Amino acid sequence: MAENLSRVLTERFPSGLEVLSDAPGDETVAVGEAVLLDAMTWLKGRPLDYAMLLDLTCLDERPLGRGFTMVYHLLSLSRNHRLRVKVALAADAPAVGSLTGLWKNADWLEREVYDMFGVQFTGHPDLRRILMYEGFEGHPLRKDYPLRKRQPRLKERTPDA
Amino acid sequence: MPERIAAEARRDSLLLNLGPSHPAMHGIIRVMVELQGEKILNAELEIGYLHRGFEKTCEAKTYFNLLPYTDRLNYVSPLLNNLAYAMAVEKMMGITVPERAQAIRVLMSELSRVSDHLTALGAMAMETGAFTVFLYMMKAREYLWDVIEWTTGARMTTSYIRVGGVRADLEPGTRERVALAVKETRQVLKDVHGLLDGNKIFLDRTRDVGVISREDAVSYGWTGPCLRSTGVYYDVRKARPYLIYDRLDFEVPLGERGDNFDRYFVRMLEMEQSLRIIEQVMAALPAGPARTETGIEPAEAIAGSRRKRELRPVRLSPTLEGSESGRYPGIVAPGASVAVPPKEETYTTMEGLISHFLFFMKGRGLHPPPGEVYASVEGGNGEVGFYIVSDGSDRPYRLHLRAPCFHLTAALEQMVRGALVADIIPTFGSLNMIGGELDR
């Protein structure tokens, strides 16, 4: 299965896709940011049928000399298979295409990543903070955000404002 | 602030706010609805009131230290969170857990699952007016939590399932308590079936209310009983069996309509299957090693060990039960850097003290090799997954929780659109939103 999958993927996307790991249960592919939407659309459809976006998160790898990395976990219910897709992003002003057109939960998940890491999702209909509040400064899961940083006090809001 | 709904609202409609502190909002979440009469035109959710920076905190804690934080995610079934985390770290380090510990983990998982479902349905039933059901279910939950307390020493914040195994072996008397809990829970399930299944008030509030299609449920990333209520067969215990689930005989109940009633019914049937699993595990579980009831007092052992090594068994205080070296082979994987060294050795021998320090000193203890891992278990609400990235140090470089109810709650806006105000309550109740897990 694993060999088959990497062969299918590299045939379909000769450039912009690289198989990082084909250990059973931990298959990982790296996708170029430019082909992400194409690749995801294709992965979601037949024959691979990754119908569910299981999870979506981000890594701040700037201390390791890289930029940000988006990590998607896809699940195919019909084939009972999980796939991890990674997309490398720039270290400054990271941005990536939004998957809200493909999966409905991408809406909240991408908002969370925007909130926590400051990654911009182009094409997201309503990109704003979700767990943090309006007026929060910075993106807490970035490695350069101190653990015990204090936030400024918010101005008192009147009911009409 | 619910900005989107305020911007999109029609001029002749009414904006109504539910929460963040509203008794039916199970914790703290805010629902803003746009109403035309009693009909919901639009809805917007605001979450994050219980955000406490779980993932950020974990990056600053060692792999051993952060375990108690996982208790506080889904606080109704903390053992399942412990298990998901422990399994992720074990997968990274390549640790195989002893058979007995696996059986105990399955037992604890299923007890937690039943108590999780009881809490969800009890609250949902109460909000639809069935207060008796709530009381019955809480009664059954007390029997289950009694077993959990008897084994782990705590009702909710257990930290019992550890990397490499479990904290302590089962106490004498567990078997009787489990049997009693199973009997009482069965009786409650029977009573609740009788009270609710054909109850007109309950059916009116739940049947064909809060319907979600199979495609939408998959698209929202639903897992667990809520996904199965739409008829999709996906259960982590069956899809990628962990522990000893592949050797146990149980079924995965499916619904067909994806409405509130199906979510209720799937949970009811699942509890029966969980009770079956509990009985199978208890029947197959061999009696544990005999307890060292007698032993010299710790003070005597410490005093004696100053002159020569103490070889007689030492009686440990109740808070350290299970930490005796005699029990380690059955419940903890072998290996010096996996589990806390046995306590009586720490207190009575120099070598024990050194190995204790080596486990807890900065940069020592659990440190998985560099790499990334995703491991998941079937939690009360669905797939609880931990994605951990290690850089080889003793702290995770990045730890991310795949919280099942984040995905469930994301669908609520769509589910209540077009429904009536009163439908929000049972629909929201049937999703079993848990704030600790949703907001992390």
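In the predicted model, chain B is divided into three parts, with domain 1 covering residues 3-46, domain 2 made up of residues 54-288 together with 368-439, and domain 3 covering residues 298-350. Between the C-alpha centres of domain 2 of chain B and domain 3 of chain B there is a distance of 34 Å, and the contact of these two domains takes 16 residues from domain 2 of chain B and 10 residues from domain 3 of chain B. On the side of domain 2 of chain B that touches domain 3 of chain B, two or more residues are given by each of the elements α5 (99-127) and β5 (165-166) of chain B, and the largest share, three residues, comes from α5(B). The residues on this side of domain 2 of chain B divide into eight nonpolar, four polar and four charged.

Chain B also meets the other chain, with 28 residues of chain B in contact with 25 residues of chain A. At least two residues each are supplied to the side of chain B that touches chain A by α2 (54-59), α9 (214-219), β7 (383-390), β8 (398-402) and α17 (404-410) of chain B. The residues on this side of chain B comprise 13 nonpolar, eight polar and seven charged.

The strands β7 and β8 of chain B belong to an open sheet of three strands, in which the order is β6-β7-β8 and the pairing is antiparallel. Because β6 (371-378) and β8 of chain B stand at the edges and each have a single partner strand, one side of each is left without a neighbour in the sheet. From one strand to the next, the twist averages 10 degrees. The antiparallel pairing of β7(B) with β8(B) extends over five bridges, and B:V389 stands opposite B:R398, which lies in β8(B). Helix α4 (residues 78-93) of chain B packs on this sheet, where it touches β6 and β7 of chain B, and the direction of the helix makes about 145 degrees with that of β6(B).

A pair of packed helices can be described by the angle between their axes and the distance between the axes. For helix α12 (residues 260-284) of chain B and helix α19 (residues 421-431) of chain B, the angle is about 30 degrees and the axes are 9 Å apart, while the crossing of α12(B) past α19(B) is left-handed. The residues that meet are B:N260, B:R263 and B:Y264 in α12(B) and B:P426, B:T427 and B:S430 in α19(B), and the residues of this contact divide into two nonpolar, three polar and one charged.

In chain A, strand β4 (residues 68-76) is mostly covered, with seven of its nine residues buried. Strand β3 (residues 52-60) of chain A runs antiparallel to β4(A) and is joined to it by eight bridges, and the bridge partner of A:L53 in β4(A) is A:L74. Strand β5 (residues 81-89) of chain A likewise pairs with β4(A) in the antiparallel sense, over nine bridges, and A:F68 stands opposite A:L89 in β5(A). The strands β4(A) and β5(A) form a hairpin with four residues between them, and in the turn A:N80 has a positive phi of about 50 degrees.

Note on methods:
Residues are numbered from 1 along each chain as its sequence is written. Chains are lettered from A and ligands numbered from 1 in the order in which they are written. This is a predicted model: local features need pLDDT of at least 70, side-chain atom pairs count only at pLDDT 80 or more; totals for chains, interfaces and linings use all residues. Axes are lines fitted to C-alpha atoms, for helices over the stretch in contact, and angles run from 0 to 180 degrees between N-to-C directions. A crossing is left-handed if the near helix is turned anticlockwise from the far one by less than a right angle, and right-handed if clockwise. Two residues are in contact if their C-beta atoms, placed from the backbone, lie within 7 Å. Ala, Val, Leu, Ile, Met, Phe, Trp, Tyr, Cys and Pro count as nonpolar, Asp, Glu, Lys and Arg as charged, and the others, Gly among them, as polar. Domain bounds come from an automatic or database domain assignment. Two strands pair if DSSP finds at least two bridges between them. A residue is buried if 20 or more other C-beta atoms lie within 10 Å of its own, exposed if 12 or fewer, and partly exposed in between; C-beta atoms are placed from the backbone.
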